[in-house]
Amino acid sequence: MTIRLPLVNGVLRTYEPRTEPLAPTPGTPFTSRTVFSAAHVVADPFADSTPDSPAAVDWDATLAFRRHLWSHGLGVAEAMDTAQRGMGLDWAGAAELIRRSAAEAHSVGGRIACGVGTDQITGGTLAEIRAAYEEQLAVVEEAGAQAILMASRALAATARGPEDYLEIYGHLLRQAAEPVVLHWLGPMFDPALEGYWGSSDLDAATDTFLEVISAHPDKVDGIKVSLLDAQREIDLRRRLPQGVRCYTGDDFNYPELIAGDEKGFSHALLGIFDPLGPLAAEAVRVLDTGDTPGFRALLDPTVELSRHLFQAPTRFYKTGVVFLAWLAGHQSHFTMVGGLQSARSLPHFARAYELADGLGLFPDPKLAEERMKNLLSLYGVNQ
């Protein structure tokens, strides 16, 4: 069987799907790295909603996907950018997601960390921004989850310089009950975060970031860096205080960063591990045995798919993540909160399907093929 896939110039080419998946098996947590997958939310396809309506979530399917990730030994990074925070999922929806997912994690023994931000406000004074952070931190801690202090659009718009970041983050770290993960999300993921840490000069911003950490090393479990710059991440992790981990968020260079070098390595908190979950888990278990070449042999071939999904505008990578979840059978439809399923083109979807199929990511390749053909027919591509 073959399928005709469109190129960007409108030309159709023939592709022969694979017939067998890789079929990695579930397993226990890892021993050499701490690995989180940021997880997407599944929309309710029958909700009478519009792109600017509050998110209507299919809770059963959303939680089932988290159980899938936990079954492979991955931790879940909840209510993060991948879950469409600020791009379809508001704070009310995120708070419910945190409570439900944390309860589910406790019931199955899964690891969970949840995003803490300020998205219940759009701006305000530093005191109001601090209060917004505190409100969300309380929700995460009450749910029994680890906190990830996310970058704040409101703080980026209000802060006058590095001193404001030092004040806000210092206050939050002092009151956090347990060590948190600090998240530095670059403007390629969210243009509103340009100049975070008080400067558009990344060297100056890094110095401020490290000053926050060095003042409270006992309250920082680690940092999550999403700048898509491997060397900058390596340089930064080498400057971290003893005991503070670096969780790579680099969806372009993750295999080399997780593998590391003679001076250290990165753990992982990645959106691309949503579609790659089982394969990524298998690769990390190989790394647990000390077989770095074997780890790279499994994970390096996935980078082409990741770079495709995260191509500019990078913030729309969530569309490809949910698209692949639909093809893989993790949800019954390709609908997203905020209508974000429209954010990528048909040729983009076609290439994502081909790359994912080539990696063996679909548990049922025939189902994925049928769903891809259904999508193509909606766009007028006859097989």
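A79 is found in the loop between β4 (75-78) and α2, where helices (H or I, at least four residues) and strands (E, at least two) are DSSP runs numbered from the N terminus. The phi angle of A79 is near 55°, a positive value in a residue other than glycine. With a relative accessibility of 0%, A79 counts as buried; buried denotes under 20% relative accessible area, exposed over 50%, and partly exposed the range in between (1.4 Å probe, protein chains only). The model is a predicted one, in which local features need pLDDT of at least 70 and side-chain atom pairs count only at pLDDT 80 or more, whereas totals for chains, interfaces and linings use all residues. Residues are numbered from 1 along each chain as its sequence is written, and side-chain values use heavy atoms, with hydrogens and water left out.

L228 belongs to the loop between β8 and α7 (230-237) and is buried, its relative accessible area being 19%. Most residues other than glycine have a negative phi, and most peptide bonds are trans. A cis peptide bond links A312 to P313, with omega near -5°. P313 is located in the loop between α11 (303-309) and α12 (317-327).

The strands β3-β4-β5-β6-β7-β8-β9-β10 form a closed barrel of 8 strands with parallel pairing. Neighbouring strands of this sheet are turned against each other by 25° on average, direction ignored. Helix α9 (residues 273-288) packs on the sheet and touches β3 (35-38) and β10 (267-270), its direction making about 165° with that of β3. Contact here means heavy atoms within 4.5 Å, while axes are lines fitted to C-alpha atoms, for helices over the stretch in contact, and angles run from 0 to 180 degrees between N-to-C directions.

Two strands are taken to pair if DSSP finds at least two bridges between them. In this pairing, G222 stands opposite R245 of β9. Strand β7 (residues 180-185) also pairs with β8 in the parallel sense, over 6 bridges, and H183 stands opposite K224 in β8. Strand β8 is mostly covered, 7 of its 7 residues being buried.

Strand β1 (residues 3-6) and strand β2 (residues 12-15) pair in the antiparallel sense over 4 bridges. L5 is placed opposite R13 in β2. The hairpin of β1 and β2 has 5 residues between the strands, and G10 in this hairpin takes a positive phi near 90°.

Two packed helices are described by the angle between their axes and the distance between the axes. Helix α1 (residues 59-71) and helix α2 (residues 91-108) pack at about 45°, their axes lying 10 Å apart. The two helices α1 and α2 are therefore oblique to each other; angles under 35 degrees count as roughly parallel, over 145 as roughly antiparallel, 65 to 115 as roughly perpendicular, and the rest as oblique. The crossing of α1 and α2 is right-handed, a crossing being left-handed if the near helix is turned anticlockwise from the far one by less than a right angle, and right-handed if clockwise. Residues W59, T62, L63, R66, R67 and W70 in α1 meet G93, E96, L97, R100, S101, E104, A105 and V108 in α2.

For helix α3 (residues 126-142) and helix α5 (residues 162-175), the axes come within 11 Å and cross at roughly 30°. This angle makes α3 roughly parallel to α5, and α3 passes α5 in a right-handed crossing. On the α3 side, L126, R130, Y133, E134 and L137 meet D164, E167, I168, Y169, H171, L172 and Q175 in α5.

A205 lies in helix α6 (residues 202-215) and is buried, with a relative accessible area of 0%. Not counting residues up to four places away in sequence, A205 touches W184, Y196, W197 and S199. The C-alpha atoms of A205 and R33, which are 172 residues apart along the chain, are separated by 27 Å.

The structure holds 0 disulfides, a disulfide being a pair of cysteine sulfur atoms within 2.5 Å. C114 is buried at a relative accessible area of 0%, and C246 likewise counts as buried at 2% relative accessibility.
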